Amino acid sequence: MFAALARFSIRFRWLVLAVFIVLIPIASIYAGGVFKALKQGGFDDPNSESVRARQQLVNNLGAGGADVIALYTVSPGQTVESPAASAAITAALDRAAQDASVERITSFYATGAPQLVSKDRTRTFAVISLRGDDQAKLDALDRLRPQLAADGATVQLGGGVPVAKAINTMVGADLGRAEEIAFPITAVLLIVIFGSLVSTLVPLLLGGLAIILAFTVLHIIASLTNVSVFALNIVTVLGLGLAIDYSLFILNRYREELPGRGARGALITAISTTGRAVAFSGITLAASLCGLFVFPQVFLRSMAMGGIAVTLVAMLISMTLLPAMIAILGRRIDALRVPWNRGSQAAATTEAGFWHGVAVRVMRRPLLVAVAVTAVLLLFASPFLRFRASTPDVRALASSVEARQVSDTLDASFRPHETSSHDIVLTASAPLLSTENIGNLYDYTQKIAALPGVARVDSIFSVVPGLPREGYQSLFSKPAGEQDPALARGLAGFARDSYTRLAIVSTTNPDDPLAQSQVGELRRLQPPAGMSALVGGPAASIADLKATLRDHIPAALAVVAGVMFLVLFLVFGSVTLPLKAMIMNLLSLSASYGAMVWIFQDGRLQGLLHFQSLGSVDATQPILMFAMVFGLSMDYEVLLLSRIREEYLRTGDNALAVARGLEKTGRLITSAAALLVVVIGAFATSSLVFMKELGVGMALAIALDATIVRALLVPATMRLMGHWNWWAPKPLLRVWQRAGLGDFEAHAPAAGAGD
C-alpha cells in the first residue's frame, strides 16, 4: 500500500503540488477566522453540581456571576462617600445600567454593603452581570468601558469577561511569539542536520502548511460544536513539530537510500519503510488523543479535536505532498549546501559509530543499566506524590494585566475572597418565607458560620443583621403587602419564589485545601427540612473538576493503552513489545510529572521561566501530557523498533540488531526530539502559567524519552528479553500474518538464535 502511494505521488507529482497550491490561499483565508469561532473556558463538567448551582443562580435568582468588576479609586483627599466621588461613580453606573446587555449591577451605593468598600475607604467596586453568550459579553465590554468612566476617579475592569479578553489576547501573542522563536531555531538545527538549505526549507514549509490546514479544520469543527480557544496552542505545537519530524524521518531515509537505489527507488523505499512508520505513528497519536473524549470538559475535548486534526493533516501532507516535492527535486533536495557540511547524503552507518558503541556497552550489563535508569526516573517522579491540583483563574495572568491588578487589589485592599465565595442555592418545596422555613434556614446558616475557615455568611439574614431567630420569623413571614419596601428590595437580592441563596466567604483561596474541605462539609451538611441544596462557587468548581477527572481517568487510560497496544501489535506482530513500550513511556512521563511539581508547584525557576508559583499545578496537565506524550513517544518507538526488526529479520541476532538499529536511528531520533523540544519548549514563554506548564512538561518528557529511555533503557530491556521481544501467541500471529501486516514468522529466525 505504501509503495503504491509513493508511486502515485511520483507519477502525479505536479498534480499533487497543484492541488496544494490552490488549497493554500483558500485555507489561509478561512483559517484566519478561527479565533472568533472559538470559545473561552470549558474547564467545567456541564453536569456537575457547581454548574447546576450556577445555572440556578442565574435562571431562578437573577444573580449572574461577576462578569465585570468595575474598581474605582477616588482622587487623593476624598473617600468613596465624598459627595463629588459618590455622584460621579453613581452616574457612571447608572449609564452602564442602561446598556441592553447589563442584567444587574451590585454596588455600595445601591446596597450599602461594607464589603464593597476598601479598608481605607478610597476604593469601591461594583459587580456587573451581563446577558448573552461569551461573544456578546466580550462585545459589551468594549461598550461599557467608556460608560463606566467617572470624573474624579479612575476605573479598572476585572472579572470573568475582562479575564477572558486578556486570555484571548495572550493566546494570540503566545502563538506569534512561539512561532518567532521556534521557526528560526528549528531552521538552524535543520541546516546542521541536513547541511542543505533546500532540505531545510521543505520541512519548514510543510510545518507552516500543517498549521494553516489544521486551523481550517478547527474552524469547520467550531461551526458544529464548542471548541476552546486553547486548542490553537496545541495545533501550533503539534503542527510544526510533527510536520518537521515526519519530514525529517522520510527525508533522512530517502537520502540514505539514494546512492544505492537512485531517486525513484530511494523514494519508494523511504515511503514503504519510514513512511509506514510515520503513518502508524500518526494514527497512534490521533487515536491516543481520543482518550480525552471520555472527559465531559470542553477544554479537554477541544485539545483532542485540535490534536487529532493537526496530526492527521501533518501525516497526510508528509505522505502525499512531501514525496511529490522530493520527486520533483530529486537529487536537488541537497542543493544549496552549506560550506561547513561536506556530506551529500545521510552519513553512512557503521558498526564503529557512536550509537552502536552505546548500545554495545549497555548490553554488556543490561540488568544494571535497566535498574539504574529506572531508579533515576522514579526519583525524578517522586515529587508528583505531593501533586496539588488547581484550575486556571485570574492568577494565570501576568501581574501587568489590568484584570489581574484588579484581583490583586481586591485581595489586598478589601476584605479578601469577596468575589470567590461558596454559593449555596436552596429550593423549598413549601412557601420559602413561612415561619418554619425561616427558622430552619436560620439554624442552617448558623451551622455554616461555625465551620472552620468561614469568615462570613451572606443571606436573607444579612438584610437586617443582628436579630434573633424569632425576630426574623416575625419580620420575614409578613405578607408581601405588609413588608417595608426597602426590606422587600433587600430580600429580592437573596430570595425569589421558592429559591434562596447563601454566599459563604472563606478565609482562603478557592484552591486551598481548607476551601476544598469546606466544599465537602457544605455538601455533607443536611439542608433545612423541606429544602434541597446545591453547592457551587469557584472552590466547588475545582472540587468537581478533580472528582470528574478521577472518575474518568480509568477509561481514558484504557483507551490510550488499548490503542498503543493494538497499533504496536499491528506494526510488529508482538504482544511483549507494546507492554514494554508502555511501561517505559510511563517512566519518562512520570519523571516529567515530578519535574512539573518541583518547578511550578514548589516555585523553583520562577526567575528563569518568568512565572509566579500558585503552589499548585493545573489539574488537566497530567491528563493532556499523558495523551499527547504517550502518542508522540510512539514516533521514536516505532522508528527505532522498525529498524531493529529489519536487522533482526536480516541477521537473526538480537544483540546485533539492537546495536545496528540504534546506530541507524540514534542520531535521527535525537535530532527529531531536539526539534520537537524547541517547538514545544517555545510555549514555555507563554504569559499563561498553565500553558507554560504544558510546554515545559512535554518538552522534558520528550527529551527524557529520546535520550535516557531510547539510548539506555530500550537496548537494556531488548537484550534482557532476547527473542521474547518478538513473541506473540500463535493464534494472534496467524491473524496478523493473514491480514498481510507483516512477514514476521516467515522471515524470523528460530527462537533464541543469536542471543
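Q: Which residues in α13 meet Ala 711, Leu 712, Pro 715, Ala 716 and Arg 719 in α25?
A: This is a predicted model, in which local features need pLDDT of at least 70 and side-chain atom pairs count only at pLDDT 80 or more, while totals for chains, interfaces and linings use all residues. Residues are numbered from 1 along each chain as its sequence is written, and side-chain values use heavy atoms, with hydrogens and water left out. With contact meaning heavy atoms within 4.5 Å, and with helices taken as DSSP runs (H or I, at least four residues) and strands likewise (E, at least two), numbered from the N terminus, the α13 side of this contact consists of Trp 355, Val 358, Ala 359, Val 362 and Met 363.

Q: How are α13 and α25 oriented to each other?
A: The axes of α13 (residues 354–364) and α25 (residues 689–721) come within 9 Å and cross at roughly 55°, where axes are lines fitted to C-alpha atoms over the stretch in contact and angles run from 0 to 180 degrees between N-to-C directions. Angles under 35 degrees count as roughly parallel, over 145 as roughly antiparallel, 65 to 115 as roughly perpendicular and the rest as oblique. The two helices, α13 and α25, are therefore oblique.

Q: How many nonpolar residues does the contact of α10 with α20 have?
A: The axes of α10 (residues 231–289) and α20 (residues 538–572) come within 9 Å and cross at roughly 165°, so α10 and α20 are roughly antiparallel. The contact draws on Arg 276, Phe 280, Thr 284, Ala 287 and Ser 288 of α10, together with Val 559, Val 560, Val 563, Met 564, Val 567, Leu 570 and Val 571 of α20. Ala, Val, Leu, Ile, Met, Phe, Trp, Tyr, Cys and Pro count as nonpolar, Asp, Glu, Lys and Arg as charged, and the others, Gly among them, as polar. By these classes the contact of α10 with α20 has 2 polar residues, 1 charged residue and, as the number asked for, 9 nonpolar.

Q: Why is the pair of Phe 8 and Phe 12 classed as it is?
A: A search of the whole structure finds 16 aromatic pairs, a pair being rings of Phe, Tyr and Trp (its six-membered ring) with centres within 6.5 Å, and planes under 30 degrees apart count as stacked, over 60 as edge-to-face and the rest as tilted. The ring centres of Phe 8 and Phe 12 are 5.0 Å apart and their planes lie at 45°, so this pair is tilted.

Q: Is Trp 724 buried, exposed or partly exposed?
A: The rings of Trp 724 and Trp 727 pair with centres 6.1 Å apart and planes at 55°, so they are tilted. Buried means under 20% relative accessible area, exposed over 50% and partly exposed in between (1.4 Å probe, protein chains only). Trp 727, at 38% relative accessibility, is partly exposed, and Trp 724, with a relative accessible area of 45%, is partly exposed.

Q: Which residues is Leu 130 in contact with, leaving aside its neighbours within four places in sequence?
A: Leu 130 has its place in strand β3 (residues 123–130), and at 7% relative accessibility Leu 130 counts as buried. Once its neighbours within four places in sequence are left aside, Leu 130 is in contact with Asp 67, Val 68, Ser 101, Val 102, Glu 103, Lys 137, Ala 140, Leu 144 and Val 161.

Q: What percentage of the 755 residues in the protein chain is buried?
A: The protein chain has 27 helices and 11 strands, and its C-alpha trace spans about 100 × 50 × 45 Å along its principal axes. Of the 755 residues in the protein chain, buried residues make up 56%.
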